[in-house]
Each structure stands twice: as structure tokens, then as C-alpha cells.
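Trainee: Could you walk me through a structure that is new to me? I would like to ask a few questions as we go.

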Amino acid sequence: MTPERILRAEAVAAFLIGCAIWLVAGGNAIVLLPALLLPDVSMAGYLGGPRLGALTYNLVHNWVLAFGLLAAGVGLGFGPLVLVGAVVLAHVGADRALGYGLKLPTSFHDTHLGRIGRREAT
């Protein structure tokens, strides 16, 4: 199994675990789909250019935030925070499974997993 396939399998697992945590924590299954789209609001930073966009995107699209929110929610016994952590975990998992990684400040298309999108004609 190649490293790329292992990384994608891990990402799918994170997506599924995030969805399961959402449901076990009492989240509404119908609300899950739109909630999964909310982390992409962080892309609004790209209105200020690729450097700011990469910063705002990466602040939300990472495992540390997801697990930190989950841990804080469980530790504080605050269910809504657990739900937010579950959504971030599932969202980041879905993004990584699709090949979308953390953004580099050069372009939205440049990620730690490689370049995404169409290749430019030369």
C-alpha cells in the first residue's frame, strides 16, 4: 500500500469517526451535511490574497483544532463543543481524502499534499 493510499485511508477513517461522534453526541443527522460545509467559510481569507487565505484556511483545516475542540468539549462536558469538534474532524478528513491539504501561501492550489486542480497548459 502506497503512502498516498494510507493517508487517504486515514482521512476516510477520520471522516467516518467525526460523523459517528456527531451522531453519538446527539447531533441531528440532517443538520450534519450543512454543518460539514461550515469550515469552508475560512476560505473567505482568500479575499485578502493567498497569504491571508492560507493562514485562515489552515487555522481551521487541521487535526490539532479538531482534537482540541473534541477534548475541550468532553473535558468541560459541553456537548455543543463536542459537535463542533466532530464537524471539524469529519470535514478535514473528507478534504484530505479528496486530496485537499493544508494551503501554502503561494496559491490556493498549492498544498502540503501537492498541487490541486487542473494543470495549466504550457
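Mentor: Welcome! This is a predicted model, where local features need pLDDT of at least 70, side-chain atom pairs count only at pLDDT 80 or more, and totals for chains, interfaces and linings use all residues. Residues are numbered from 1 along each chain as its sequence is written, and side-chain values use heavy atoms, with hydrogens and water left out.

Trainee: Which residues does Leu-32 touch, not counting residues up to four places away in sequence?

Mentor: Contact means heavy atoms within 4.5 Å. With residues up to four places away in sequence not counted, Leu-32 touches Cys-19, Trp-22 and Val-87.

Trainee: How do H4 and H5 run, roughly parallel or roughly antiparallel?

Mentor: Their axes, lines fitted to C-alpha atoms over the stretch in contact, are 7 Å apart at an angle of about 160°, on a scale from 0 to 180 degrees between N-to-C directions. Angles under 35 degrees count as roughly parallel and those over 145 as roughly antiparallel. H4 and H5 are therefore roughly antiparallel.

Trainee: What is the angle between H1 and H5?

Mentor: Residues of H1 including Phe-15 and Trp-22 meet residues of H5 including Val-87 and Ala-90. The axes of H1 and H5 are 7 Å apart. H1 and H5 are roughly antiparallel to each other, and their packing angle is about 155°.

Trainee: Is Val-60 partly exposed or buried, and what is its relative accessible area?

Mentor: Val-60 lies in helix H3 (residues 50-60). Not counting residues up to four places away in sequence, Val-60 touches Pro-39, Ser-42, Leu-65, Val-88 and Val-92. Partly exposed covers the range between buried and exposed, the latter being over 50% (1.4 Å probe, protein chains only). Val-60 is partly exposed, because its relative accessible area is 22%.

Terms used. Helix = DSSP H or I, 4+ residues; strand = E, 2+ residues; numbered from the N terminus. Parallel < 35°, antiparallel > 145°, perpendicular 65-115°, else oblique. Buried < 20%, exposed > 50% of the residue type's maximum accessible area, 1.4 Å probe, protein only.
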